[in-house]
Amino acid sequence: MSDSGNLKLIRKIQEEIRDKGRMTFARFMEIALYDPEDGYYISSADRIGLGGDYYTSPDVHPIFGRLLARQIIQMETMLPRQKPFTILEMGAGKGLLCRDILVGLKAHSPENFKRFRYAVIERSPAMVAKQKERLHSESLAESVAWFSGLDEAAADGLLCGCVLSNELVDAFPVHRVVGTKEGLDEVYLDLSGDRFVESAGPASTPELAAYFDGLKIRLAEGQRAEVNLEAARWFREIGKAMDQGFVITIDYGHPASELFAAHRKKGSLLCYYRHTVNDDPYSRIGEQDITAHVDFTRLTQAGADGGLQVTGFTNQLNFLMSLGIAEETERLDPESPEMLSVKRLLARESMGGVFKVLIQHKGLTPSLLKGLTFRPYFKDVLAW
């Protein structure tokens, strides 16, 4: 097991283990990604985009955000007009999606643009600075408010609108577990001298066993998996903070029946560094991204606890096709660089098929959403 990376961050982890004993993987991931001084996402380095470690759909082409704006405009027509419509984006990256959605709203719904209130929850001061700089340069910054957490964003009352995240949930800290004859052990991080080593032992919290009990799933002996308890808490909080509206979650992952299937022996944890992929989270600590596939079944369970109902579930390919991406790009040269970027968003074997779109609602009975016109999955795929 390697343990290279930001030496200051490595020492923080070593010192905590020496002081408090072995730590859960979730705690390690929290420090590696979100340490207030040296965490991967907190630093000012360019992490996202072709010059970083990975890219997201908004990096590929602005049509992604502009089509999302179309969906949001339809959602706005289903909510009471006496309240402002809040678009709350959690973790806005470089601000590209925010920019493209605002541009789309202005283009497709200029008469209602002032009714939209765009809010961003961002815990990285460096990312907030980049978002503000980008939006200011395009005269959009005054249309956006920034908050450090959900409580602050909802301080004026329950939310009415749309909560949006794109490639956020996969980066929440996860616990790592392994199936045993008796049930479940947790994987911990410990030290041997100055070297990191893993060890297995009883779960740090009964929530881990309850997680699989609630899904009616038992891991095979020796099978590893990741458990995102933070995502479940987050979705419960969203539901409780919302009066009326929708939640759009775009990320890579699967329903629980597929994510924890017996053939997935090693789990789904992956690390990204300069557009290469590895499965060693203890290399380049603080210098590489760490992610795990999203359990969309658990998100629907947690959302239900907060009053959220499933509107629909699809993949990015079908979502964008439903919103009219073919018509938007029909004038492009099929071999142009711009069209090749659009095709990347739709590729079934990568972004188009791997990324899923979960839409939930609360406080209304929605008509069919445009983005869910073509649905390769139906609600029962998320059943538990």
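The second largest pocket of this predicted model is lined by Lys83, Pro84, Thr86, Arg117, Ala153, Ala154, Asp156, Gly157, Leu158, Leu159 and Cys160, and about 160 Å³ of space lies within this pocket. A pocket is here an open set of points on a 1 Å grid over the protein atoms alone, with protein on both sides within 12 Å along at least five of seven lines, whereas a cavity is a set of points where a 1.4 Å probe fits but cannot get out; lining residues have an atom within 4 Å of a point. Grid points are joined across faces, edges and corners, and a volume is the space filled by probe spheres set on the points. By class, the lining of the second largest pocket comprises 6 nonpolar, 2 polar and 3 charged residues, where Ala, Val, Leu, Ile, Met, Phe, Trp, Tyr, Cys and Pro count as nonpolar, Asp, Glu, Lys and Arg as charged, and the others, Gly among them, as polar.

Residues are numbered from 1 along each chain as its sequence is written. Local features of the predicted model need pLDDT of at least 70 and side-chain atom pairs count only at pLDDT 80 or more, while totals for chains, interfaces and linings use all residues, and side-chain values use heavy atoms, with hydrogens and water left out.

Leaving aside neighbours within four places in sequence, Lys240 is in contact (heavy atoms within 4.5 Å) with Leu158, Asp305, Gly306 and Lys362. The C-alpha atoms of Lys240 and Leu159 are separated by 9.3 Å, although the two residues lie 81 residues apart along the chain. Lys240 counts as exposed because its relative accessibility is 57%; the classes are buried for under 20% relative accessible area, exposed for over 50% and partly exposed in between, computed with a 1.4 Å probe on protein chains only.

The largest cavity has a volume of about 70 Å³ and is lined by 14 residues, of which Tyr211, Asn228, His293, Val294 and Asp295 lie nearest its centre. At least two residues of this lining are supplied by each of strand S9 (224–227), helix H9 (229–241), strand S14 (294–295) and helix H11 (296–305), helices (H or I, at least four residues) and strands (E, at least two) being DSSP runs numbered from the N terminus. The lining of the largest cavity divides into 9 nonpolar, 2 polar and 3 charged residues. In the second largest cavity, which holds about 50 Å³ of space, the lining consists of Gln223, Arg224, Ala225, Glu226, Leu259, Phe260, Arg264, Gly267, Ser268 and His293. S9 contributes the largest share of that lining, 3 residues, and the class composition is 3 nonpolar, 4 polar and 3 charged residues.

Helix H6 (residues 125–137) has 13 residues, which at 1.5 Å a residue should span 18 Å, and its end C-alpha atoms are 18 Å apart, in agreement with that expectation; the expected span is 1.5 Å times one less than the number of residues. Ala126, Met127, Val128, Gln131 and Leu135 are the buried residues of H6, and what covers them includes helix H5 (96–108), strand S3 (116–121) and strand S4 (144–147). Ser139, which follows H6, has a positive phi near 60°.

Two further residues were considered individually. Glu16, found in helix H1 (residues 7–20), is buried, with a relative accessible area of 18%, and touches Gly21, Met23, Arg27 and Ile31 when residues up to four places away in sequence are not counted. Ser199, found in strand S8 (residues 195–201), is partly exposed at a relative accessible area of 22%. With residues up to four places away in sequence again not counted, Ser199 touches Arg22, Glu186, Val187, Tyr188 and Asp190; the C-alpha atoms of Ser199 and Glu186, 13 residues apart along the chain, are separated by 8.4 Å.

For the protein chain as a whole, the secondary structure comes to 15 helices and 16 strands. Of its 384 residues, 59% count as buried, and residues 24 or more positions apart account for 79% of the contacts with a separation of 6 or more.
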